[in-house]
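Colleague: I'd like to learn how to read a model like this one feature by feature. Could you walk me through it?

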Amino acid sequence: MCHLPAACLHPRAPLCAAHRFSRKFRVNRKVLNSLLLAAGFIGATALLLYTMGQPLICKCGYVKLWHGVVVSSENSQHLSDWYTPSHIIHGILFFGLFTLILPKAGINLRLTLSLVLECAWEILENTDMIINRYRESTISLDYFGDSVINSSADILAMVVGFFLASRLPVWASIAIIVVFEGVTTYLIRDGLALNILMLVWPLEAVKAWQGG
């Protein structure tokens, strides 16, 4: 004789099971929508960067998961490098910004706005204006723009940061920013804050320190 659990014999058990399935389906649907949204923005940006003349991959002819030499023609050409943490920070900051100014907006609307900003920056960063600015005002003398695969990975890093911020408490997000900025500043004498400073208001003292 088959014995069913008491919970299964409750008259509302089928409704509860259906409700749990419905909630799980909605969650999975949201995740799928977010992934499709990110993929669409990454694909469109990659196509535009390619038409702008950026190489698909490093001109060295191969793709590495990590490239750790900053003063190098291969920097910003592979999947990740010392500037990947700054893009994760972008995602954390964008989540905080759009949560603050649009507290009632859904997660995908905030993600869309974050992707607009990040993709716009990736496109702007690969224009002659910004490339020349980097070469003139920072230590990036060998910088000629990002490869398409690097820009795509940078956008994906922003998405990772965005969803980390959506799941973590505020103090943990702040801790990630502090640690990432501290580590990159110590190890390569650069980071998001210094990068912005040297683009907007370049200081010879900072440039000399970075080059030393």
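This is a predicted model: local features need pLDDT of at least 70, side-chain atom pairs count only at pLDDT 80 or more; totals for chains, interfaces and linings use all residues.

Colleague: Which residues does the UniProt annotation "transmembrane region" cover?

Modeller: With UniProt features, keep in mind that positions are given in the numbering used here, names are shortened, and annotations may be inferred rather than shown by experiment. The record, an unreviewed entry, puts "transmembrane region" on residues 31-52, 82-102, 143-164 and 170-188. You can check such spans against the coordinates: residues 31-52 come out as 95% helix and 0% strand, with the end C-alpha atoms 32 Å apart. For residues 143-164 the figures are 77% helix and 0% strand, and the end C-alpha atoms are 30 Å apart.

Colleague: Now cysteines. How many disulfides does the rule count?

Modeller: A disulfide is a covalent bond between the sulfur atoms of two cysteines. The geometric test is a pair of cysteine sulfur atoms within 2.5 Å, and the count here is zero. As for burial, C58 is buried at 5% relative accessibility, whereas C60 is partly exposed at 31%.

Colleague: What about rings? How many aromatic pairs are there?

Modeller: Rings of Phe, Tyr and Trp (its six-membered ring) pair if their centres lie within 6.5 Å; planes under 30 degrees apart are stacked, over 60 edge-to-face, and the rest tilted. That rule gives four aromatic pairs. Take W66 and W82: their ring centres are 5.1 Å apart and the planes sit at 80 degrees, so the pair is edge-to-face. Both W66 and W82 lie in the loop between α2 (13-51) and α3 (84-101), so the pair ties together parts that are 16 residues apart in sequence. W66 is partly exposed with a relative accessible area of 41%, and W82 is partly exposed with 22%.

Modeller: Another edge-to-face pair is Y134 with Y143, at 5.2 Å centre to centre and 75 degrees between the planes. Y134 is buried at 5% relative accessibility, and Y143 is buried at 8%. Ring pairs also link F95, F162 and F163 into a cluster.

Colleague: At what angle do α3 and α7 pack?

Modeller: For packing, axes are lines fitted to C-alpha atoms, for helices over the stretch in contact, and angles run from 0 to 180 degrees between N-to-C directions. Helix α3 and helix α7 (residues 170-188) pack at about 155 degrees, with axes 10 Å apart. That makes α3 roughly antiparallel to α7, on a scale where under 35 degrees is roughly parallel, over 145 roughly antiparallel, 65 to 115 roughly perpendicular and the rest oblique.

Colleague: Which residues have a positive phi without being glycine?

Modeller: Look at S76, with phi near 65 degrees, and R189, at about 60 degrees. S76 is in the loop between α2 and α3 and is buried at 9% relative accessibility. R189 is in the loop between α7 and α8 (192-200) and is partly exposed at 29%.

Colleague: And contacts across the sequence: how far apart in space are S166 and F95?

Modeller: Compare sequence separation with C-alpha distance. S166 and F95 are 71 residues apart in sequence but 7.0 Å apart in space, C-alpha to C-alpha. S166 lies in helix α6 (residues 148-167) and is partly exposed at 28% relative accessibility. For F98 and R110, 12 residues apart along the chain, the C-alpha separation is 5.9 Å. F98 belongs to helix α3 and is buried, with a relative accessible area of 8%.

Note on methods
Residues are numbered from 1 along each chain as its sequence is written. Side-chain values use heavy atoms; hydrogens and water are left out. Helices (H or I, at least four residues) and strands (E, at least two) are DSSP runs, numbered from the N terminus. Buried means under 20% relative accessible area, exposed over 50%, partly exposed in between (1.4 Å probe, protein chains only).
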